[in-house]
Amino acid sequence: MMTSTISPSESAQDVGAGFRPKEKELVNYFLKLKLLGHDHQVRRIPELDVYKHEPWDLPQYSGANSSDEEWYFFHRCRTGRPSRTTKVGYWKNTGRKSKIRDQQEEIGTKRIFVFYIGRTPRGERTGWIIHEYTAAFNLLNQRAFVLCKLFKKSMPVTGEVELSRKMAACNLENQNSYQKTNNSAFDEGETSHLMTFENQATDFAIQEEAHSQPIPHLGSFYGCNEQNHRLNSALNSPMQDFTCDDLWDFSFDA
């Protein structure tokens, strides 16, 4: 069990402009304090679910070091396989884990993640990079955190322009997908509402057509014999209070 703690260098005392701690300081001082629950001593490094955000949005959450070119965050580790996929792209692990040592003693490991725009395996590599530091400690009541260092490597101008175009396309696609999902319930209700009006209009048209049909002339039947004379007389009698509903019995579905 490791209990020793090194003192941070002068540049690592305060997180802000010019904050450039060594890797062993990040692990054996800042990360160790966070794991032990001494949040007040490392409060200037924010705690954030790093991999849920687009990399260019992360600096605004970095607090005191937001104007620097490197940004530091504590990321809480959760059970299960971690997801490093955002709305626009994903973080891809590159290379192998490297060991962080202090006086030949392994105190942690470092993993490198590069952000890609799009979806695997056809994502477009960007200049955004995260160094993720994990402690090798086995401390009493140790919490589960890693320390992430975010920075951006410069890219050729043509590459930046192409990535900007892809980002805009991804954002538009995500926006359209959100709108379709968000409006699906409305569309279903609207369609049902419109169908109801269409059915009512159809029913009304049928009734109007039925009422506009001329009542058949039920005059005398040619060729009737005397036995049908009474029937002819009845049919030739005036039809008072006689409506189309007496001839047709329509039944309309709601």
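Strand S4 covers residues 124-135 in this predicted model. S4 is mostly covered: nine of its 12 residues are buried. Buried here means under 20% relative accessible area.

What does S4 pair with? One partner is strand S3, residues 105-117. S3 and S4 run antiparallel, and nine bridges join them. Together, S3 and S4 form a hairpin, with six residues between the two strands. Look at glycine 118 in that turn, which has a positive phi of about 105°.

S4 also pairs with strand S5, residues 145-152. This pair is antiparallel too, with six bridges. Here, tryptophan 128 has lysine 152 in S5 as its bridge partner.

The largest pocket holds about 330 Å³ of space. Its lining has 20 residues, and those closest to the centre are His75, Arg76, Arg78, Pro82 and Ser83. Strand S1 (70-76), S3 and S4 each give two or more residues to this lining. By class, the lining of the largest pocket has nine charged, seven polar and four nonpolar residues.

The second largest pocket holds about 190 Å³. Among the residues that line this second pocket are Arg81, Tyr90, Trp91, Arg111 and Phe113. Pro82 and Ser83 are in its lining as well. Which strand gives the most to this lining? S2 does, with three residues. S2 spans residues 89-102, and S3 also gives two or more residues.

Key. Residues numbered from 1 in each chain as written. Predicted model: local features only at pLDDT ≥ 70, side-chain atom pairs only at ≥ 80, totals over all residues. Heavy atoms only, no water. Buried < 20%, exposed > 50% of the residue type's maximum accessible area, 1.4 Å probe, protein only. Helix = DSSP H or I, 4+ residues; strand = E, 2+ residues; numbered from the N terminus. Pairing = 2+ DSSP bridges. 1 Å grid on protein atoms, 1.4 Å probe; cavity = no way out; pocket = protein on both sides within 12 Å on 5 of 7 lines; lining within 4 Å. Points joined across faces, edges and corners; volume = space filled by probe spheres on them. Nonpolar A, V, L, I, M, F, W, Y, C, P; charged D, E, K, R; others polar.
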